[in-house]
Amino acid sequence: MQIGHLADLHIGATRWRIQEVAEDVREALEESFEILEREHVKTVLISGDIFDEPSPGNTHVIWAINFFRRLVRDKEFEIVVIPGDHDVPGGRDETAVDLLYAALSDITGGRFISPPTIYKWNGWRSLNDLVVKVGGSPGAIVAALPYVREFRDQRQKTYRTLLNKLKALLQGVHGPKILMAHFGLEGFTHPHDATLQPQDIPGVFDYAAMGHIHKFIIDTSQSEAVIAYPNSLVPLALSETRSRERGPLIVDLSGDAPHVQQIRLTRQRVHHVLESDIYSLPENLRKALMGTPRHGEKKPIVHVILQVGETIPAGKKLPKLIDELEETFNVIIRIAKRKRVTSQRGAIVLDMEKNATPREVEIAVLKSLLKKSGEHADKVAELLLQLKEAVLNLQGQDLERGVDRIAEELLKPEYASYLGLKPDKRSTLEGWLG
Ligand SMILES: [Mn+2]
């Protein structure tokens, strides 16, 4: 038999104030179930973080109810869900997943199953409530562990206890056994995000349908169970934008060991991460977008790491420039972060703050190169600019005279000391050279 495995849907998620992210989640979920239907997979496990928040907003809840109702009633899917950390509120309120269950549990056709949340189970339910038989006959046994909102040490204990009890309960039971859980495992995520070790997953399970870590992971090396994380459906953090390994896992439980396959989503929005200063942004953007396949009409999202000068990070011109670039390139641009650089380019941004003229910008650049500020630095920069213009204007008859005059100015004691030259009575170029 084959089962589908999804996790970390995050319905209702927006990120970076970009509304399109929520649309991407819906579309990715729709495509996932199109794939599963096409592959004749009727049993689907969703391992937590169904919604992005415990109170996702009525619009998203209604969308989810309608979406899952259609799948269960019309397409006869059998869907098992558990709440993840994003679904479970503080305190003892019901989760939005409980709400889904309340709306969908008595629908006929397929089935919508969600185990009771742990605190209820602690209070008055039995362990058997966490165990579901799926896939008809012979089918498979699913032990579905909801996320428990407790401090990590306590959560560790709770899960260890539950896993031990489930192990005892399921030992000797025939047929494939699956664990559904939503937490991080050591070695696959940051140490502070890991609740248990992979070895804690009892070998009584053939497959651990995990959620929580937004990465595509299949591990067969550390437990007798095949441990799998399907990845989130869309990138939800800057660090997640690189991966395109997203889509439902299809797990074949017919053989001796589970065989896992990821069917990649084809309609994923393109994300670019681009480091640039403000002046090179149009050109860098053009290069980054060159030859990138566009999926349908989805505008790529460009995350810009903006190189800025030493003191002032932003520029008033920036929002206008971004508007223009979004229009020109048909993309969505966000400034992901500002990165301080000490280069000449960085200094430019410093002056953008004042809507600087190109000349003011050049002076700022020169001052940053001189590593000086104040009136003298202004004058030195001004003189250097004149020098540059004189050199550029090679046609001019009085080039030599012009350069001489500027050099003489620069060699005056007040500037010379500024340039790190020794002041000298000989304040002519010839005097210095001679
Ligand atoms: Mn998640």
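**Helix packing and an open sheet**

Val380, Leu383, Gln386, Leu387 and Ala390 in helix H10 meet Leu399, Gly402, Val403, Ile406, Glu409 and Leu410 in helix H11. Contact here requires C-beta atoms, placed from the backbone, within 7 Å. The residues of this contact divide into eight nonpolar, two polar and one charged. Ala, Val, Leu, Ile, Met, Phe, Trp, Tyr, Cys and Pro count as nonpolar; Asp, Glu, Lys and Arg count as charged; the others, Gly among them, count as polar.

The model is predicted: local features need pLDDT of at least 70, side-chain atom pairs count only at pLDDT 80 or more, and totals for chains, interfaces and linings use all residues. Residues are numbered from 1 along each chain as its sequence is written.

H10 spans residues 375-392 and H11 residues 399-411. Their axes come within 9 Å and cross at roughly 165°. Axes are lines fitted to C-alpha atoms, for helices over the stretch in contact, and angles run from 0 to 180 degrees between N-to-C directions. H10 and H11 are therefore roughly antiparallel (over 145 degrees). The crossing of H10 with H11 is left-handed, the near helix being turned anticlockwise from the far one by less than a right angle.

Elsewhere, six strands form an open sheet of mixed pairing, ordered E4-E3-E2-E1-E13-E14. Strands are DSSP runs (E, at least two residues), as are helices (H or I, at least four), numbered from the N terminus. Pairing requires at least two DSSP bridges. E4 (111-113) and E14 (259-262) stand at the edges with a single partner strand each, so one side of each lacks a neighbour in the sheet. The twist averages 20° from one strand to the next. E1 (residues 2-6) pairs with E2 (residues 43-47) in the parallel sense, over four bridges. Histidine 5 stands opposite leucine 45 in E2.

Definitions and conventions:
Angles under 35 degrees count as roughly parallel, over 145 as roughly antiparallel, 65 to 115 as roughly perpendicular and the rest as oblique. Two residues are in contact if their C-beta atoms, placed from the backbone, lie within 7 Å.
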